[in-house]
Amino acid sequence: MDAVLNLNYNQILSLVKQLPTRMQLRLGRILTKDATEAELEYFLETFKTDELSEEDILAEVKQVRKERYARRKKEAGHC
């Protein structure tokens, strides 16, 4: 039988603050990773399309990289 604990935000925050700093940081990283993954999944589902092929995406990435490289090279020459 599983136990269920109903805690509000402030209670959870109070418990987390009782943890050693190292564990607080670890928890923060885990929560950030989970939130980032959830946001990414949301955006991927929101903008899901069959109109772009992998080749189209790779071509666009190469073009953007080429433009950035040229811009950095130009800026480095003017410094």
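I began at Ile-12, which sits in helix H1 (residues 9-17); helices here are DSSP runs of H or I with at least four residues, strands are E runs of at least two, and both are numbered from the N terminus. This is a predicted model, where local features need pLDDT of at least 70 and side-chain atom pairs count only at pLDDT 80 or more, while totals for chains, interfaces and linings use all residues. Residues are numbered from 1 along each chain as its sequence is written, and side-chain values use heavy atoms, with hydrogens and water left out.

I looked up the exposure of Ile-12 and found it partly exposed, at 43% relative accessibility (buried is under 20% relative accessible area, exposed over 50%, partly exposed in between, with a 1.4 Å probe and protein chains only).

**Overall form**

From the N terminus, the order of elements is α-α-α. The radius of gyration is 23 Å, well over the 12 Å that the globule rule gives for 79 residues, so the chain is more spread out than a compact globule. That radius is taken over C-alpha atoms, and the rule is 2.2 Å times the number of residues to the power 0.38. I noted a C-alpha trace spanning about 60 × 40 × 20 Å along its principal axes. Of the 79 residues, 0% count as buried. The chain exposes about 8300 Å², with 57% supplied by carbon and sulfur atoms (Shrake-Rupley method, 1.4 Å probe; for residues, only the protein chains shown count as cover).

**A pair in H2**

Which side chains meet in a salt bridge? I found Lys-33 and Glu-37, at 3.0 Å, N to O; the term needs a side-chain nitrogen of Lys or Arg within 4 Å of a carboxyl oxygen of Asp or Glu. The structure holds 1 salt bridge. Both residues lie in helix H2 (residues 21-46), 4 residues apart, about one turn of the helix. Glu-37 is partly exposed, with a relative accessible area of 41%.

**Aromatic rings**

Rings of Phe, Tyr and Trp (its six-membered ring) pair if their centres lie within 6.5 Å; planes under 30 degrees apart are stacked, over 60 edge-to-face, the rest tilted. I counted 2 aromatic pairs by this rule. Tyr-42 and Phe-43 are edge-to-face, because their ring centres are 5.3 Å apart and their planes stand at 65 degrees. Phe-43 also stacks with Phe-47, at 6.3 Å centre to centre and 15 degrees between the planes. Tyr-42, Phe-43 and Phe-47 form one aromatic cluster. I checked their exposure too: Tyr-42 is exposed at 52%, Phe-43 partly exposed at 44%, and Phe-47 exposed at 60%.

**Confidence**

Last, I looked up pLDDT, the predictor's confidence in each residue, from 0 to 100. The chain averages 91, and 97% of the residues score at least 70. Among the elements, H1 has the highest mean (97) and helix H3 (residues 54-78) the lowest (89).
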